[in-house]
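Visitor: I would like to learn how to read a structure like this one, feature by feature. Could we take the charged side chains, the sheets and the core in turn?

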Amino acid sequence: MGSIGWTNVQMLRRKGVDARLVLFEPRRLRPYEVDIVLNRPEGLWRRQLVQLRALASLLPKTDIFHFYFGLTLVPKSIQFPILKAFRKKSVFHFLGSDIRGKTREELAYGGRADAQIVGSYDAIRWVPEAEVVPVGLDLSKYDPAPVAHNGKVRIVHAPTKRAVKGTEAVIAACEQLPVELDLVENVRHNEAVERYKRADIVVDQLKTGWYGVFAIEGMALGKPVVTHLHDEAVVRTEQAFGVDVPIVSATPETLVERLRPLVESAEERHRIGEASRAYVERVHDAEKLADRLIEIYERL
């Protein structure tokens, strides 16, 4: 969540918007990506006091509060009356895992904000009234990284939670193919990206139905990406942006057969890798997406 917010803040600043990122806790693997860390103490009431003080300091100098992951600075029951009293606007920005599988009743709180955003045409199933703003990446930090091949094809997989990503199926599939698996876990982001660059193929997740930041980074580096995609979300994305989604869709059961053509053909990896870079330039360029956020802000 912090990395997405930080990218948006950086791009908004480039557009002349005074934007700041506030996090509850420091980011262990991305410690530099924040403006204000609240460092909340132990104990519910002590934490609430820290958060209330933060809100009080931000209210006089903030026009729009952009909340991520369904979180607010203070409990929602008082957050929105306070914002209304001070004539401040608000946005809820959902990222996928925070809404996936929840009922309309469980997500009804989103309607208390002045606008709602989701990051994909897959996530919009849960908040159909939201606007779609894809996750943005600062593409100036990601140049295509072709691999000078002199050994086994290398597959990179970077799970945050193995069960969610289907990691055991990835490991099992790689044991059936002439490949080397690089499992990236619990490393700082800059180190992780260097390992992504050395990969031939990126495997993201095999269960949830859409792709995340890791897959976007892989595509930006010119790598073919394999992940599980819902067909309807693919169709809606292609219609909205006028470009084919170049990701190879797979499930745990089909992963070996979907990987095999990529493993066997450098030309196929190169073809999909080029299409992947073009896709992120069209759909996930954070600088363009900042303009989309500004459009939403200006309507509030």
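Predicted model: local features only at pLDDT ≥ 70, side-chain atom pairs only at ≥ 80, totals over all residues.

Visitor: Are Asp-18 and Arg-20 buried, partly exposed or exposed?

Guide: Exposed means over 50% relative accessible area, and partly exposed covers the range between that and the 20% under which a residue is buried. Asp-18, with 63%, is therefore exposed, whereas Arg-20, at 32%, counts as partly exposed.

Visitor: Where do Glu-194 and Lys-197 lie, and how should I read such a pair?

Guide: Both lie in helix α6, three residues apart, which is about one turn of the helix, and their side chains meet in a salt bridge with N to O at 3.0 Å. Glu-194 is partly exposed at 38% relative accessibility, and Lys-197 is partly exposed at 29%. Arg-271 counts as partly exposed at 48%, as does Glu-268 with a relative accessible area of 25%.

Visitor: Turning to the sheets, what is the strand order in the open sheet of five strands?

Guide: The order is β8-β7-β9-β10-β11, with parallel pairing. Strands β8 (179-183) and β11 (248-249) each have a single partner strand and stand at the edges, so one side of each has no neighbour in the sheet. Strand β10 (residues 225-227) is joined to β11 by two bridges, the two strands running parallel, and Thr-227 has Ser-249 of β11 as its bridge partner. Helix α5 (residues 167-175) packs on this sheet, where it touches β7 (153-157), β8 and β9 (201-203), and its direction makes about 155° with that of β8.

Visitor: Which strands stand at the edges of the open sheet of four strands?

Guide: That sheet has the order β3-β4-β5-β6, again with parallel pairing. Its edges are β3 (64-68) and β6 (131-132), each with a single partner strand, so one side of each is left without a neighbour in the sheet. Strands β4 (residues 89-94) and β5 (residues 115-118) pair in the parallel sense over four bridges, and His-93 stands opposite Ile-117 in β5.

Visitor: How should I read the core, and which residues have the most contacts inside the largest one?

Guide: In soluble globular proteins, nonpolar side chains tend to be buried together. Here the largest nonpolar core has 32 residues, and those with the most contacts inside it are Tyr-196, Tyr-211 and Met-219. Two or more residues come from each of α6 (189-197), α7 (213-220), α8 (231-241) and α10 (266-283), and the largest share, five residues, comes from α7. Leaving aside neighbours within four places in sequence, Met-219 is in contact with residues including Tyr-211, Val-225, Ile-247 and Val-280. A second, separate core of 26 residues includes Phe-65, Leu-73, Phe-92 and Trp-126.

Note on methods:
Residues numbered from 1 in each chain as written. Heavy atoms only, no water. Core = buried A, V, L, I, M, F, W, Y, C linked by side-chain atoms within 4.5 Å. Buried < 20%, exposed > 50% of the residue type's maximum accessible area, 1.4 Å probe, protein only. Contact = heavy atoms within 4.5 Å. Pairing = 2+ DSSP bridges. Axes fitted to C-alpha atoms, helices over the stretch in contact; angles between N-to-C directions. Salt bridge = Lys/Arg side-chain N within 4 Å of Asp/Glu carboxyl O.
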